[in-house]
Amino acid sequence: MPEWRDKGIVLSLRKYGEKGVIINILTVHHGRHLGWISNYKNKKVSSHVQPGDLVDVFWKSRLIDQMGNFKVELISSVVGKILDDKIKLQAVI
């Protein structure tokens, strides 16, 4: 079973089905990858998956050519940095 661990930035996410989400991540050593995260309704998982967030990602698949599953851990949240800085917050609005 192919698997790897890397750091990356979440580019986008798309809900798929009732509980899942497909995320698009740009990683340091493996480039851009799509992956599946199940149980997206879980508050613990959904708080980690926001576009722009820096994450530590673990990818695992049955075959190298398949999309695979992601497990992500938050490193840094972009939203928190914007909300803490008055000038950056005004630029967004």
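Which residues does Trp-59 touch, not counting residues up to four places away in sequence? They are Pro-2, Glu-3, Trp-4, Ile-64, Gln-66, Met-67, Gly-68, Asn-69 and Phe-70, where contact means heavy atoms within 4.5 Å.

Before I go on, some ground rules. This is a predicted model, in which local features need pLDDT of at least 70 and side-chain atom pairs count only at pLDDT 80 or more, while totals for chains, interfaces and linings use all residues. Residues are numbered from 1 along each chain as its sequence is written, and side-chain values use heavy atoms, with hydrogens and water left out.

Back to Trp-59. This residue is found in strand β4; strands are DSSP runs of E, at least two residues, numbered from the N terminus. Trp-59 counts as buried because its relative accessibility is 2%. The cut-offs are under 20% relative accessible area for buried, over 50% for exposed, and partly exposed in between, with a 1.4 Å probe and protein chains only. The Trp-59 side chain reaches the backbone oxygen of Met-67 at 2.7 Å. Between the C-alpha atoms of Trp-59 and Phe-70 the separation is 4.7 Å, and the two lie 11 residues apart along the chain.

Next, the core. Trp-59 belongs to the largest nonpolar core, which has 12 residues in all, including Trp-4, Ile-23, Val-57 and Phe-70. A nonpolar core here is a set of buried Ala, Val, Leu, Ile, Met, Phe, Trp, Tyr and Cys residues joined through side-chain atoms within 4.5 Å. At least two residues of this core come from each of β1, β2 (20-27), β4 and β5 (69-76). In soluble globular proteins, nonpolar side chains tend to be buried together.

Now the charged residues. The structure holds 1 salt bridge, meaning a side-chain nitrogen of Lys or Arg within 4 Å of a carboxyl oxygen of Asp or Glu. Arg-5 and Asp-56 form it, with their closest N and O atoms 3.1 Å apart. Arg-5 sits in strand β1 (residues 3-16) and Asp-56 in strand β4 (residues 54-60), 51 residues apart, so the pair links distant parts of the chain. Arg-5 is partly exposed at 49% relative accessibility, whereas Asp-56 is buried at 13%.

Last, Asp-6, also placed in strand β1. Asp-6 is buried but has no salt bridge, and the nearest side chain of opposite charge, Lys-7, is 7.1 Å away. For that count, Lys and Arg are positive, Asp and Glu negative, and His and the chain ends are not counted. What Asp-6 does have is a side-chain polar contact with the side chain of His-30, at 3.0 Å. A polar contact is a pair of N or O atoms within 3.5 Å; within protein, one must be able to donate a hydrogen and the other to accept it, and residues adjacent in sequence count only if both atoms are side-chain atoms.

Terms used
Helix = DSSP H or I, 4+ residues; strand = E, 2+ residues; numbered from the N terminus.
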